[in-house]
Amino acid sequence: MIIDSSIYEIWFVTGSQHLYGEETLRQVASNSEEITKGLNASKHIPIKIVFKPIVKTPDEITNLCIAANSNENCIGIITWMHTFSPAKMWIKGLSLLQKPMCQLHTQFNAEIPWKTIDMDFMNLNQSAHGDREFGYMVTRMRKKRKIVVGHWQDNKVQKKLGIWARVVLGWNDLQNLKIARIGDNMREVAVTDGDKVEAQIRFGFSVNGYSIADVVKLVNAVTEREIDELVEVYASDYDLTPSLQENGKQRASLRDAARIELGLRAFLDKGGFKAFTDTFENLEGLKQLPGLAVQRLMADGYGFGGEGDWKTAAMVRALKVMNFDSNKGTSFMEDYTYHFTPEKSYVLGSHMLEICPSIADGKPSCEVHPLGIGGKDDPVRLVFNSPAGNAINVSLVDMGNRFRLIVNEVEAISPKEKLPKLPVARVLWDAKPDLETAATAWILAGGAHHSVYSQAITTAHMEDFADVAGIELLVIDKDTSIRDFKDKLNANEVYYHLFQNNL
Ligand code: MN
């Protein structure tokens, strides 16, 4: 499992006031507890929801927000105003609150009981206006939050809460994420670099540089016995190409790959790194480029970015955590080459080596082939296709004065023909709304050549993520038109220039 999600909590916070008397407040509390139970029973919500005593005064609200901030297991709060909770009471608490917030605009009772409804019923079930008073203050204070509207037992509502819960789980992981940048950036490359200090302020994760020599020491310390054991795992998990099988003529390459994996894994685990980058220009002391090692580490939940791309490494990790329990995959990706035809055009996505087998269609083939780049021994890698279906590509770029998140919805399709000579894992996709529009918009937005490709995470997740992080989001989907997209880019330039310090 990528992460132990069972230790995390989302607090369910109900606002009210003393105006209604003890009996009504007891009813409010019992209704809130029942909603909490209902949400915990939902298969759509992967994180435990914890009922908190009703808050009725400014002090109770403030203390609750301070407690949420300081509780390591609390990854966010859901607020609901069953009754009316005058919002000036919330100013101090909201100004202190550092955890993500979701405003659940629901009502305990689904339908109006036409025959029996009276003023008591109305006064108890008044979130329709209670949540507006609260919402005004959150908006007035310019605090970003998720709003989910509808009855709490409705699947649509629970699904939205589930998406937000996954996003705040990923966000929480970023707050403590350490990224090892092994060997700095590929020389002269722009988009993979950026402001690491600002990124830590904005997202929480830290990026620090390490020499490949730190990894090589651990690679050299790996024992033959450890290698024997790992090579057996390779043989059972993958189809080994004949030359890599026992007594095959390149068996030594497989053992070298296993040695690199064990050393790299030891380096990451020793330093508490859950994401890393490398670059082929700084691999002195490794016999081959870490292909198989990186692929397998990604499959175990480590974030990765090639050529020093720490932003993509962070996002691979965040999306993997959001998707911790699903059998659908997430991988580091690069738009590699195009298939242009007059009718329809496609992208073939891949990388030199490092595509995560979590997106593989079936058992990957483990192969060894020469690689023109890097000047090393032939690297071992997993080769596979990826299944057809919906996916997204995500790119986080540094615009100089802010971070921008770009999402393109795509549909993976089965390759048109076999690719017998292509020695890397790959995905063929149809970019929405079409390649011409999608690539135009992506390039106008400054989207990177690297991205995170995910079959499990959707635009809805990334929209919540952008709000939690307080960053710009640009979506390229079936509705994108270039003329509108240009207007959006221009409008955002002004908006983020004016408000960059207030989000
Ligand atoms: Mn690359």
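Buried residues are those under 20% relative accessible area, exposed ones are over 50%, and partly exposed ones lie in between, as computed with a 1.4 Å probe on protein chains only. The model shown is predicted, so local features need pLDDT of at least 70 and side-chain atom pairs count only at pLDDT 80 or more, whereas totals for chains, interfaces and linings use all residues. Residues are numbered from 1 along each chain as its sequence is written, and side-chain values use heavy atoms, with hydrogens and water left out.

**View A. Aromatic pair of Phe-12 and Trp-80.** Trp-80 is buried, with a relative accessible area of 0%, and Phe-12 likewise counts as buried at 0% relative accessibility. Rings of Phe, Tyr and Trp (its six-membered ring) pair if their centres lie within 6.5 Å, and planes under 30 degrees apart count as stacked, over 60 as edge-to-face and the rest as tilted. A search of the whole structure finds 18 such aromatic pairs. Phe-12 and Trp-80 form a tilted one, with 6.3 Å from centre to centre and 55° between the planes. This pair links Phe-12 in strand β1 (residues 9-14) with Trp-80 in strand β3 (residues 74-80), 68 residues apart; helices (H or I, at least four residues) and strands (E, at least two) are DSSP runs, numbered from the N terminus.

**View B. Edge-to-face pair of Trp-171 and Phe-465.** The ring centres of Trp-171 and Phe-465 are 6.0 Å apart and their planes stand at 70°, so the pair is edge-to-face. Because Trp-171 lies in helix α6 (residues 155-176) and Phe-465 in helix α14 (residues 459-469), the pair ties together parts that are 294 residues apart in sequence.

**View C. Manganese site.** The manganese ion has as its protein donors Glu-307 (OE), Glu-334 (OE), His-351 (NE2) and His-450 (NE2), which lie 2.1 to 2.2 Å from the ion. Donors are N, O and S atoms within 2.8 Å of the metal (3.2 Å for Na, K and Ca), and sites may look incomplete because water is not among the atoms. Along the chain, the donors follow the spacing E-x26-E-x16-H-x98-H. Glu-307, in the loop between β10 (303-306) and α12 (310-322), and Glu-334, in strand β11 (residues 330-339), are 27 residues apart. Glu-307 is buried at a relative accessible area of 8%, and Glu-334 is buried at 13%.
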